[in-house]
Amino acid sequence: MLPKIIVTLILVVVMTGCSTYSADRYSISVDNVTALKEINGTKLDVGEFTASKPGQTEIMCRGVGPIKTPDGQTFENFIKKALVDELKIAEAYSNSAKITLTGNLDAIDFSSSSGTWNLALTVNSSNGNSLTALENYSYTTSFYGETACNQTAQALMPAVQNLIGKVVQNNEFRKLIQ
């Protein structure tokens with residue numbers, strides 16, 4: 001009798017599975033592009049982005065399922081690509097630019113209970129200067145796990161928009177690009 005119960009429990013666990021919550025692809029921020037256009041023709045390259053937890057492509061949400069980046073990117077590459085996209089739209093990107101920006105994703109985490117993404121990014125310039133930006137992005141959450149995790153996934157992209165905004169709209173950004 002005990003083996004039948006164990007087999008039944010295993011089958012229930014395997015067949016139940018868990019949900020996966022994919023964040024939206026990055027979308028350009030008008031405010032970020034406007035700030036980048038104000039650098040008046042300065043071209044920038046973007047080099048490697050690393051992370052304090054390298055290679056992370058998902059974070060588990062309430063045991064319901066993981067929050068994943070689009071296309072299986074690492075979180076650090078998701079943020080790098082977002083910065084490159086912003087620079088390209090602002091016509092401030094060139095892979096042969098004199099100044100190269102690199103970055104380290106110092107921290108990334110969320111609370112689906114309180115409805116916050118917490119991001120920390122350090123951007124380094126090939127000129128020796130650096131800038132650290134912190135973003136604590138709040139969003140509406142839910143008591144219900146499935147809804148809360150879906151809302152958490154949907155909140156990653158605007159959290160990254162704000163994070164990049166805290167870099168490119170910061171007065172110290174000019175020191176990175178001179």
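Of the 178 residues of the protein, 46% count as buried, where buried means under 20% relative accessible area with a 1.4 Å probe, protein chains only. The model is predicted: local features need pLDDT of at least 70 and side-chain atom pairs count only at pLDDT 80 or more, whereas totals for chains, interfaces and linings use all residues. Residues are numbered from 1 along each chain as its sequence is written, and side-chain values use heavy atoms, with hydrogens and water left out.

The protein exposes about 9,400 Å², and 53% of that area comes from carbon and sulfur atoms; accessible areas come from the Shrake-Rupley method with a 1.4 Å probe. Among contacts (heavy atoms within 4.5 Å) with a separation of 6 or more, 71% link residues 24 or more positions apart.

The protein has five helices and seven strands, in the order α-β-α-β-β-β-α-β-β-β-α-α from the N terminus. Helices (H or I, at least four residues) and strands (E, at least two) are DSSP runs, numbered from the N terminus.

Three of the strands form an open sheet of mixed pairing, in the order β1-β4-β3. β1 (21–22) and β3 (58–61) stand at the edges with a single partner strand each, so one side of each is left without a neighbour in the sheet. Strands pair if DSSP finds at least two bridges between them.

β1 runs parallel to β4 (residues 65–68) and is joined to β4 by two bridges; Ser 22 has Lys 68 as its bridge partner in β4. β3 and β4 run antiparallel, with four bridges, and Cys 61 is bridged to Gly 65 of β4. These two strands, β3 and β4, form a hairpin with three residues between them, and Arg 62 in the turn has a positive phi of about 55 degrees.

Conventions:
Buried < 20%, exposed > 50% of the residue type's maximum accessible area, 1.4 Å probe, protein only.
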